[in-house]
Amino acid sequence: MVLADDASVQSLNGGLKSATTITEDMFMQPMRRIAIAALAGAALVAGPAYAADTTPPVTPTTPGVTTPTPAPQSFYTELSNRTTFTRWAYTNLDIKVRKSPASKAKAIGKLHFNTEDGPPEIYLALRMYTDAKGNQWVQTQLPGRPNGRSGWVPREGLGEFHLIHTQLVVNRKTLRATLYKNGKAIFKAPVGVGKGSTPTPAGQFWIREKLKGFGPVYGPLAFGTGAYSDKLTDWPGGGVIGVHGTNEPNLVPGRPSHGCVRMHNKDILHLARLMKPGTPLLIL
């Protein structure tokens with residue numbers, strides 16, 4: 001009995017200890033979880049705000065400090081490509097034409113109001129230059145020798161721009177003239193050009209005027225161009241190269257002229273219905 005009781009007491013004591021241990025374990029486990037959760041929460045609070053996003057925050061700008069505005073820059077604008085679009089204008093002022101777009105640049109010529117034959121002079125508008133202050137200059141080509149001179153005038157020196165889409169090409173080798181509109185051929189005709197001693201000059205020019213009343217030698221009408229003969233400088237008007245009709249149709253095509261471009265009368269009349277002054281002229 002005593003042994004049994006001792007055993008029972010021992011067993012009871014052991015059970016109480018085990019129960020105490022179980023109770024402590026049951027109490028400590030939630031406490032550990034609470035402590036771990038608290039530590040994790042503290043870590044999140046203490047960690048950087050962008051821990052989940054590797055992109056650092058944008059640093060705020062200093063109040064009152066602004067980014068400076070870029071300084072204005074000068075630039076060029078194409079006004080004519082002389083094939084599918086060309087702008088021309090009459091002059092407003094008889095002012096000097098400068099070698100470069102600056103008021104102190106060297107003068108290479110002067111604008112004038114009328115051609116040698118009387119109609120208003122036409123000037124091509126090739127490019128526009130706008131400086132950093134907003135001042136505008138227009139590049140134009142001058143009629144007269146030496147052929148091909150171009151220079152710059154203030155924008156106010158030219159009037160309203162007129163836009164056309166034609167180009168006349170005269171080929172001295174094939175003895176053909178072709179009128180293009182928007183890059184497509186709309187007219188072709190045989191021509192006569194200058195003979196060896198008085199050749200038709202090659203280069204880029206333009207149609208300046210349309211004239212009538214010169215008599216049968218020049219046909220029913222003539223176009224004055226921006227090209228001048230390099231040989232006949234003493235001719236009236238300085239030797240302007242024309243595109244005109246003829247009273248000698250048997251010489252077209254050929255090389256019979258003093259530098260002008262001749263056409264059959266029916267062809268020059270047809271061309272006049274399709275082409276206006278201001279059309280660029282290319283002589284190859």
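Glu121 and Arg208 join their side chains in a salt bridge, with N and O 2.7 Å apart. The model is predicted. Glu121 sits in the loop between β4 and β5, while Arg208 belongs to strand β14, so this pair ties together parts that are 87 residues apart in sequence. Is Glu121 buried or exposed? Glu121 is buried, with a relative accessible area of 0%. Arg208 is buried as well, with a relative accessible area of 1%.

Arg208 has another partner. Glu116 forms a salt bridge with Arg208, and the closest N and O atoms are 3.1 Å apart. Glu116 lies in the loop between β4 (107-110) and β5 (123-125), and Arg208 lies in strand β14 (residues 203-211), so the pair ties together parts that are 92 residues apart in sequence. Glu116 is partly exposed, with a relative accessible area of 41%.

How many salt bridges does the structure hold? The structure holds four salt bridges. One of them links the side chains of Lys266 and Asp267, at 3.2 Å from N to O. Lys266 counts as exposed, at 61% relative accessibility. Asp267 counts as buried, at 8% relative accessibility.

| Salt bridge | N to O distance |
|---|---|
| Glu121 and Arg208 | 2.7 Å |
| Glu116 and Arg208 | 3.1 Å |
| Lys266 and Asp267 | 3.2 Å |

**Aromatic rings**

Now turn to the rings. The count comes to three aromatic pairs. One of them is formed by Trp88 and Tyr90, whose rings lie 5.0 Å apart, centre to centre. The angle between their planes is 80°. Planes over 60 degrees apart count as edge-to-face, so the Trp88 and Tyr90 pair is edge-to-face. Trp88 is buried, with a relative accessible area of 9%. Tyr90 is partly exposed, with a relative accessible area of 36%.

Elsewhere, Tyr76, Tyr129 and Trp152 form one aromatic cluster. A charged side chain also meets a ring. Arg155 lies over the face of Phe161, at 3.9 Å from the ring centre.

**A buried threonine**

Where does Thr198 lie? Thr198 is in the loop between β13 (192-194) and β14. At 7% relative accessibility, Thr198 counts as buried. The cut-off for buried is under 20% relative accessible area.

The side chain of Thr198 has a polar atom 3.2 Å from the backbone oxygen of Ser257. Thr198 also touches residues elsewhere in the chain. Leaving out residues up to four places away in sequence, Thr198 touches Lys231, Leu232, Ser257, His258 and Gly259.

**Two hairpins in a row**

Strand β10 (residues 166-171) and strand β11 (residues 176-181) run antiparallel and are joined by six bridges. Thr166 stands opposite Lys181 in β11. β10 and β11 form a hairpin, with four residues between them. In that turn, Leu175 has a positive phi of about 55°.

Strand β11 pairs again, with strand β12 (residues 184-190). This pairing is antiparallel too, over six bridges. Arg176 stands opposite Pro190 in β12. How many residues lie between β11 and β12 in their hairpin? There are two residues between them. Asn182 in this turn has a positive phi of about 55°.

**The whole protein**

Step back for the overall picture. The protein has two helices and 19 strands. It contains 284 residues, of which 36% count as buried.

Take the contacts in the protein with a separation of 6 or more: residues 24 or more positions apart account for 60% of them.

Methods:
Residues numbered from 1 in each chain as written. Predicted model: local features only at pLDDT ≥ 70, side-chain atom pairs only at ≥ 80, totals over all residues. Heavy atoms only, no water. Phe/Tyr/Trp six-rings, centres within 6.5 Å; stacked < 30°, edge-to-face > 60°. Buried < 20%, exposed > 50% of the residue type's maximum accessible area, 1.4 Å probe, protein only. Lys NZ or Arg CZ within 6 Å of the ring centre and 35° of its normal. Polar contact = N/O pair within 3.5 Å; in protein donor to acceptor, adjacent residues only side chain to side chain. Contact = heavy atoms within 4.5 Å. Pairing = 2+ DSSP bridges.
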